[in-house]
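Subject: The model you asked to look at

Hello,

Here is the structure I promised to pass on. Please open it next to this email, and then read my notes below.

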Amino acid sequence: MSEQISGEPDKESGRGILQDVGAGVFLILISLFFLWQAWDLPRGSLRAMGAGMLPMSIAVILGAGGVLLVIMSLVKGGERLTTPHVRGLFFVLGGLILFGLTVRWLGLIVAGPLSMMFASFATADVRPVEAAIFAVVMTAFCIGLFKFLLGLPIPIITFI
Amino acid sequence: MKKLLVAVAGLTALFAGPALAQNYPTEPVTMIVPFAAGGPTDIIARLVAEPMSRFLGQQIIIENVAGAGGTTGITRGAEAQPNGYTIMMGHMGTHGAAPALYPNLKYNPAADFAPIGVAAGTPIIIVGSKKVPAEDLQGFIAWAKKQGDKANHAHAGVGSVSHSTGILLNSMLGIKSTYIPYTGTGPALNDMLSGQVDYMTDQIVNLVGQINAGAVKAFAIATPKRSPALPNLPTTKEAGLGGYEVSAWNAVFAPKGTPQAIVDKLSDALSKALDDANARKRLDDLGAVIPEGAERGSAALQKLVVSEVARWTPVLKEAMAAQKK
Amino acid sequence: MDIFSNLAMGFGVAFTLQNLFLCFLGCMIGTLVGVLPGVGPVATIAMLLPITFGLDPTGALIMLAGIYYGAQYGGSTTAILVNIPGEATAVVTTLDGHQMAKQGRAGVALGVAALGSFFAGCVATIFIAALGAPLTRFAQLFGPAEYFSLMVMGLVFSTVLARGSILKALLMVFLGLLLATVGTDLETGQERVTLGIQQLSDGVDFAPLAMGIFGFAEIIRNLENPEARDVVRSKIGNLLPNWSEIKQSIKPVLRGTAIGSILGILPGNGAVLGPFASYAMEKKLAKDPSRFGKGAIEGVAGPESANNAGAQTAFIPLLTLGIPPNAVMALMVGAMTIHGIIPGPQVMTKNPELFWGMIASMWIGNAMLVIINLPLVGIWVKLLKVPYRLMFPAILIFCSIGIYSINNSIQDVYFTAFFALVGYIMIKLGFEPAPMLLGFVLGKLMEEKLRQALILSRGSFTTFIERPVSATLLAVALIMLVIALLPAMSKKRDQAFQE
C-alpha cells in the first residue's frame with residue numbers, strides 16, 4: 001500500500017526536485033490561493049457558520065498537509081520529478097481550446113476537423129493525411145449522430 | 001473592388017432588413033431556456049413552443065442554458081443578435097428578483113429586452129409540515145408569530161422561487177423564522193415530511209402531489225382565483241392575506257433591438273399558442289395560470305417586469321443584508 | 001399475493017410491442033451516448049429528455065428509464081476502456097477496471113460489470129416491488145444530521161481508495177472538499193472563490209472536472225509513455241469472464257447488491273456512496289488487499305453491482321413519495337410532469353399501470369442491457385485496437401461535443417482544458433485523482449447537510465451524537481478509520497524495527 005513511502009528512500013537518487021516537495025508546494029500554493037480568495041468572506045462562528053468558514057479551514061488543513069509533505073520528503077527522500085511532456089500538453093489542450101473558440105463562431109463543421117487535426121500533432125507518429133481524413137470522417141459522423149439522430153442544438157454551420 | 005463590396009453590402013442590408021422581417025421566420029428559431037430540461041420553466045416553454053412553431057411555420061428549438069439562477073442563459077440571450085432567431089424564456093427570478101440577488105448582473109430586465117408576452121405562471125402555495133398545529137392560514141400566522149425564530153422556514157436555495165416568495169411572506173407578516181436553505185424543493189420537502197422543518201412556499205407543480213396525499217398541510221394559494229387543481233384550497237385573499245399574491249410567471253423575451261414587426265409576429269404566435277386547446281389542457285393540468293386578454297402581449301409584460309423588479313428589490317436586498325451580517 | 005398480481009399487471013403493460021421497443025431504443029441510445037467519455041447519466045438524460053416528450057406517459061417513462069440504465073452502464077464502459085468516469089459512481093470502476101483493460105482483460109471487466117449489474121438490477125427490482133412502500137419510512141429517518149454522519153463515513157472509505165501514500169490520498173480528499181466550496185454560499189448567496197466567473201457561481205461542474213482530471217490528463221500521460229498504452233493493444237484476452245473469474249465475483253456481487261440497494265433508498269443521493277462502500281468492503285475482506293488497484297476483478301464486480309442496485313432503488317423515494325433523491329430523478333419528475341403526471345404519494349394508487357409498468361420495465365431494461373452489451377463487448381474491445389494516434393483525437397472530439405452539449409456552453413470546454421492541465425500536474429506529482437473526486441462529490445452534500453443540521457439545532461454540535469442513527473454512523477466511521485490506520489501503523493512499526 002505504501003511502497004512509495006516505505007520503499008527504499010533513495011531508489012531514484014540523482015538530480016531534480018523531489019516529487020513530494022513539488023507535491024507539497026503545489027498544495028501550499030492552492031491553499032494560499034483559496035485563503036486569499038476567501039479572506040474577505042465572513043467566517044462566522046461554529047454556532048453560525050459564515051460563507052468563509054469552510055473554505056478557510058479546509059485550505060488551512062491542506063496547506064499544513066503540504067508543509068508536512070515537504071518536510072517528510074526532505075527528511076526521507078524519494079522519487080524525483082520527471083520532465084513534463086510539453087508537446088502532448090500543448091497540442092491536446094490546444095485542441096480543446098480551439099474547439100471552444102470555433103464551435104459557436106464557425107460551427108462544428110470547422111471546429112471538429114480543426115481541433116482534431118491540431119491535437120493529432122501531440123504525438124510524434126502523426127500521419128497528417130491520415131489524421132485529416134479521419135478528422136473529416138469523424139466530424140461527419142458526429143454531425144449525423146448528435147445533430148440529426150439526437151437533435152441536440154449544437155451549431156453546425158454558422159458562417160454562411 | 002472594395003467599393004463594389006461596400007455597395008453590395010449596403011444593398012443587401014437595404015433589402016435584407018425589411019425582407020427579413022416580412023418573411024420571418026425563414027429558419028428555425030432558438031428559444032433559450034435558462035434552466036435545465038425538466039424543470040417547471042422548461043416544461044412550460046416546451047408546451048408553448050410546440051403550438052408556436054406551428055403558427056410561425058418554423059420550428060422553435062429549445063436550448064437549455066442553466067446556471068446562476070437562470071441569469072447565465074438570459075445574459076447570453078440578451079447579447080444575441082436581435083434578429084428574431086434567438087428568443088428566451090425569462091421568469092420571475094431572472095426578470096424580477098435577479099437585480100437584487102446578483103450585484104454583477106450584466107443585463108437590465110426592464111431595458112435590455114424586447115418583451116414578447118407572458119406565457120404562463122405557476123401559483124405559489126404556502127404549505128406546512130403536519131407537525132404545525134394550525135389548520136388554516138390565520139392559525140398558521142398566529143402560530144408562526146408566537147414561535148419567533150423557533151419556527152424553521154425551508155427554501156430551495158438562494159435565488160429560487162421558493163426563497164424569494166418565502167422572504168416576501170415573512171417580511172409582510174413580520175415573522176422572524178429561521179431560514180433552512182436546501183438545494184432544491186425535493187430535499188426540503190423530504191425534511192418537511194419528517195417534520196424537521198415547519199413550512200415553505202413553492203410552486204403548485206412541486207406540491208400538488210403531496211397536498212392531495214395529505215402529506216403536508218396547505219394553507220393558501222397566492223392567486224386571485226382558486227386553482228382547479230386544488231379547488232378546496234382558499235386563496236390568500238379569502239384567508240385574509242390579500243396583499244400576498246405572487247406567481248412564478250414565465251414570459252418570452254427577445255433581445256433589445258429586435259424589429260417591431262418580428263416582435264409583433266412572435267407576440268401574436270404566443271397568444272395563439274396560449275389559446276391552443278391541447279396546450280391549454282396541459283397547462284391546466286400543471287396548475288398553471290394562463291394570462292387572458294389585457295394580460296397578454298408586449299406592453300403588459302413590460303409593465304409586469306417593471307413592477308416586479310420594484311417589488312422584489314427592496315424586500316430581497318434587506319433580507320440578504322440581514323443574513324450576510 | 002398482491003405483489004405478484006401487481007407485477008403481472010406491470011409486465012402486461014411493459015410487454016406491449018411498443019413499450020418493449022421503446023425500452024430497447026432507450027437502452028440502446030442511452031448506452032451509445034453514455035459511452036461518450038465523461039458523459040454520465042445526468043448529462044445523457046438532460047440531453048435526451050426532449051426526444052421522449054412526444055410519447056405517451058408510460059412509454060416515455062419506460063424509454064427514459066432505459067436511457068438511464070443505458071447511460072449508467074455506458075458510463076462504466078468508458079471508465080473501464082479509457083479511464084474517464086462519466087459520474088461519481090463510476091470513479092471506483094476506473095481503479096481496477098481500467099487496470100484490467102491495460103492487462104488485456106477489458107472484455108472480462110466489461111462482462112463482469114454487465115452480469116453483476118444485471119443480477120443487482122433483478123434483485124433491486126424485486127426489492128422495490130416488495131418493500132418500496134415500507135422502506136420510505138426508513139428513508140424518513142435521515143435528516144440533515146444523519147446525512148452528514150453518513151458522508152463522514154463516506155470520507156473514511158476514501159482512504160481505502162489510495163493505491164500509494166495514504167497521506168497524499170487524504171490530502172486529495174481535502175483538495176476535493178476545497179473545490180466543492182467554490183460557488184454560491186448556500187445560506188447567504190455570497191459568491192465564494194468564483195473569480196467573478198458567472199459559470200462558477202453554481203460551483204465547479206462534475207463533468208469538466210472528471211473529464212479533465214481523469215480523461216485528458218490520462219491521454220497526455222499515455223502520449224508520454226508510448227510503451228504503456230501499446231500494452232493495451234497487444235494483448236486482448238478473453239472476451240468474457242471464465243468460470244473461475246465468475247466464481248471469484250459471486251460474493252462481491254452479492255455484497256455490492258445489498259449495499260447499493262440500501263444506500264440507494266436514501267433521499268439525497270445516498271446511492272453515490274454505494275460503489276465506494278462496496279470497494280472498501282471488498283478490499284478489507286480480501287486476503288491480499290494489495291491486488292486492488294492493479295486489476296482485481298472483485299474491485300469491478302462489487303462496485304458495479306452496488307452502482308446498478310443503487311441506481312434502481314433510487315426510484316423508491318420518487319415513486320412512493322414523489323421526491324426526487326438526485327439529479328437524475330429530478331429529471332424523471334420533469335418528464336412525468338410534462339406528461340401531466342404529478343409525482344407524489346398517490347402515483348401508486350392513481351396510476352397503477354404507470355407505476356407497476358415502470359417497475360416491470362426496470363427489469364426488462366436490465367435484461368436488454370445484457371442483451372445489448374454482451375455482443376457490444378467485442379466491439380468495444382476491438383476499439384482498443386485502434387492506433388492511439390487516431391484514438392485520442394477521437395476521444396477529444398467526442399468529449400468536446402459532449403461537454404459542450406451538457407449546458408450548451410463553451411466555458412465548460414475551457415474548464416475541461418484547465419482541469420486537464422491540473423490533472424497532468426497532479427499525475428507528475430504522484431497524486432491520485434479518485435480520492436479527490438470523492439471528496440468533491442461528498443463535499444457539496446456534506447457542507448449543505450452540516451449547515452442545515454447546525455441551523456436546525458441552533459448551533460449545537462451534540463445533535464450529531466444525540467440522534468441515534470447519526471451517532472451509530474459516526475461510530476462506524478470511527479471504527480473503520482481505526483481499522484484503516486492500524487495496518488499502516490503496524491507497518492511503520494515494522495519499519496522502525498528494521499531500522
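What follows is a short walk through what was found.

First, some housekeeping: this is a predicted model, in which local features need pLDDT of at least 70 and side-chain atom pairs count only at pLDDT 80 or more, while totals for chains, interfaces and linings use all residues. Residues are numbered from 1 along each chain as its sequence is written, and chains are lettered from A and ligands numbered from 1 in the order in which they are written.

**Chain A**

Chain A has six helices and zero strands, and its pattern along the sequence reads α-α-α-α-α-α. Helices here are DSSP runs of H or I with at least four residues, strands are runs of E with at least two, and both are numbered from the N terminus. Of its 160 residues, 38% count as buried. A residue is buried if 20 or more other C-beta atoms lie within 10 Å of its own, exposed if 12 or fewer do, and partly exposed in between, with C-beta atoms placed from the backbone. Among the contacts in chain A with a separation of 6 or more, 65% are between residues 24 or more positions apart. Two residues are in contact if their C-beta atoms, again placed from the backbone, lie within 7 Å.

**Where chain A meets chain C**

In this interface, 62 residues of chain A are in contact with 56 residues of chain C. On the chain A side, two or more residues come from each of α1 (3-6), α2 (19-38), α3 (53-76), α4 (86-103), α5 (108-120) and α6 (128-149). The most come from α4(A), which gives 10 residues. Sorted by class, that side of chain A has 41 nonpolar, 17 polar and four charged residues. For these classes, Ala, Val, Leu, Ile, Met, Phe, Trp, Tyr, Cys and Pro count as nonpolar, Asp, Glu, Lys and Arg as charged, and the others, Gly among them, as polar.

Not counting residues up to four places away in sequence, Val92(A) touches Ala119(A), Ala122(A), Phe216(C), Ile219(C), Ile220(C) and Leu396(C).

The other is Phe146(A), in helix α6 of chain A. Phe146(A) counts as buried because 23 other C-beta atoms lie within 10 Å. Leaving aside neighbours within four places in sequence, Phe146(A) is in contact with Leu152(A), Ile154(A), Ile401(C) and Ser405(C).

**Where chain C meets chain B**

Here 43 residues of chain C are in contact with 47 residues of chain B. The elements of chain C that give two or more residues to this side are α15 (327-338) and α20 (433-456), and α15(C) gives the most, with seven residues. This side of chain C divides into 19 nonpolar, 21 polar and three charged residues.

**Inside chain B**

Chain B is divided into domain 1 (2-122 + 249-314) and domain 2 (123-246 + 318-324), with bounds from an automatic or database domain assignment. The C-alpha centres of the two domains of chain B lie 30 Å apart. Between them, 14 residues of domain 1 are in contact with 15 residues of domain 2. The largest share of the domain 1 side, four residues, comes from α4(B).

Most residues other than glycine have a negative phi, and most peptide bonds are trans. In chain B, a cis peptide bond joins Tyr24(B) and Pro25(B), with omega about -5 degrees. Pro25(B) is in the loop between α1 (2-23) and β1 (29-33) of chain B.

In chain C, Asn83(C) is not a glycine, yet has a positive phi of about 65 degrees. Asn83(C) sits in the loop between α4 (57-82) and α5 of chain C, and is buried, with 24 other C-beta atoms within 10 Å. Val193(C) also has a positive phi, near 50 degrees. This valine, Val193(C), is in the loop between β2 (191-192) and α9 (206-224) of chain C.
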